[in-house]
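Here is a short briefing on a protein–DNA model.

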2 protein chains.
Amino acid sequence: MGTLRFALLSVLEQGPRSGYDLSQTLDIRISSFWHAKHSQIYPELAALEREGLIEHEVFEQADRPDKKVYTIKPAGHAALVEWLTSPLEPEPKRDELVLRALSIGHADRERAVALFRDQQQRHRQREALYRKLVDELEQDHARKLEEPTSPMFGRYLTLQRGIGYEREYAAWCKSVADRLEAAPRPRAASKRR
Amino acid sequence: MGTLRFALLSVLEQGPRSGYDLSQTLDIRISSFWHAKHSQIYPELAALEREGLIEHEVFEQADRPDKKVYTIKPAGHAALVEWLTSPLEPEPKRDELVLRALSIGHADRERAVALFRDQQQRHRQREALYRKLVDELEQDHARKLEEPTSPMFGRYLTLQRGIGYEREYAAWCKSVADRLEAAPRPRAASKRR
DNA sequence: TAACCCATGTAAACGGTTACATGATTTC
DNA sequence: GAAATCATGTAACCGTTTACATGGGTTA
């Protein structure tokens with residue numbers, strides 16, 4: 001049922017990986033719209049293996065710890081393919097910044113503006129990063145981008161989503177900050193009388 | 001630490017509510033970027049009361065069960081205001097559809113296109129709904145929209161976010177579906193030789 | 001009479017994060 | 001000598017969902 005297993009299968013579909021490799025991709029990798037810690041990954045890999053969807057081979061390395069390198073099996077590929085187009089019920093979204101916006105008028109004005117300007121910056125930077133990565137993809141693998149089964153194809157799609165998401169988010173942050181600044185200042189606690 | 005308590009305080013800031021009322025707003029209400037079930041809300045309200053951030057009064061009703069109506073206390077207001085501009089560390093985003101996009105090239109082409117066209121529809125409908133709600137806000141409470149402490153102010157901001165989010169999401173879904181259709185059909189399992 | 005709304009709670013299960021645990025090698 | 005990287009795991013905790021539980025009133 002869980003989505004994590006399919007996240008792992010998705011990466012293993014692109015080639016054999018160790019649990020450590022997977023935790024690196026899912027920990028750090030940018031434009032990833034999924035994420036998991038190694039403490040969740042190792043047990044899940046064990047479960048996938050018990051169920052016959054993947055298998056592993058131990059690689060002994062001279063200078064560093066041994067590796068368990070996992071490979072996707074036909075049953076794993078089938079499970080992945082089936083999941084890809086299975087019915088997707090809408091997941092409720094949670095976003096703390098948007099939640100804050102609901103009451104932001106009660107906050108200190110300056111701090112509120114600073115918060116949203118700061119967030120705007122963050123999202124603009126992320127957008128710039130994704131754009132750079134897309135540019136690289138387009139230059140290095142232009143032909144592969146039209147071939148759906150190429151790993152570049154999916155990567156390109158998710159990066160595009162990242163760009164759009166961050167661009168829109170940054171624009172909203174700016175609009176909130178601007179609107180807060182335009183609003184009439186709260187009168188300093190009435191001193192008359 | 002949890003964000004739920006602030007979600008509850010945010011709503012109670014706009015006026016006294018029962019746990020049931022809160023569960024209705026957080027369950028159903030549109031353009032909400034937070035969500036909780038009653039099984040989580042009732043215990044959290046009890047905790048907030050123990051900590052002196054809210055208080056309740058029982059309303060006995062003739063034809064239906066009694067109500068516990070909660071009101072925010074000054075300490076609760078202070079906690080809310082402080083939270084609003086407290087440092088916000090970036091939360092890792094999770095989105096199953098984007099995750100699916102990563103491997104979508106391996107799915108059945110027709111089913112994949114159908115999935116993304118369907119999702120595009122969903123997001124377009126949500127966008128339309130939010131637009132309608134903003135229009136209503138603008139017509140009924142136009143003057144209140146510039147006053148930050150009005151409940152309409154925050155509601156307007158979150159609806160704007162909703163519109164942008166859904167518009168962008170729908171556009172991305174369309175672009176994925178289009179790209180899938182444009183891609184060269186996978187050759188039927190090679191029959192030559 | 002069955003299903004649904006009002007209204008409030010508790011218990012069990014699940015998914016995810018943080019912390020605990022070990023140990024060798026490389027870099028500062 | 002200290003910190004970071006490679007590599008794999010387990011345990012405790014926390015937030016969220018699903019299910020269990022109760023009971024009167026309204027609607028179909």
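Helices (H or I, at least four residues) and strands (E, at least two) are DSSP runs, numbered from the N terminus. The model is predicted: local features need pLDDT of at least 70, side-chain atom pairs count only at pLDDT 80 or more, and totals for chains, interfaces and linings use all residues. Residues are numbered from 1 along each chain as its sequence is written, chains are lettered from A and ligands numbered from 1 in the order in which they are written, and side-chain values use heavy atoms, without hydrogens and water.

**Helix α1(A)**
- G15(A) follows α1(A) and has a positive phi, near 145°.
- Among the buried residues are R5(A) and E13(A).

**Surface near DNA strand D**
- DNA strand D is surrounded by 21 residues (a heavy atom within 4 Å).
- Y20(A), Q61(A), K68(A), Q40(B) and D63(B) are the closest.
- α3(A) gives the largest share of this surface, three residues.

- Sugar or phosphate accounts for 66% of the atoms of DNA strand D within 4 Å of the protein.
- Q61(A) places a polar side-chain atom 2.6 Å from a phosphate oxygen of DNA strand D.
- For Q40(B), a side-chain N or O atom is 2.4 Å from a phosphate oxygen of DNA strand D.

Conventions
Polar contact = N/O pair within 3.5 Å; in protein donor to acceptor, adjacent residues only side chain to side chain. Buried < 20%, exposed > 50% of the residue type's maximum accessible area, 1.4 Å probe, protein only.
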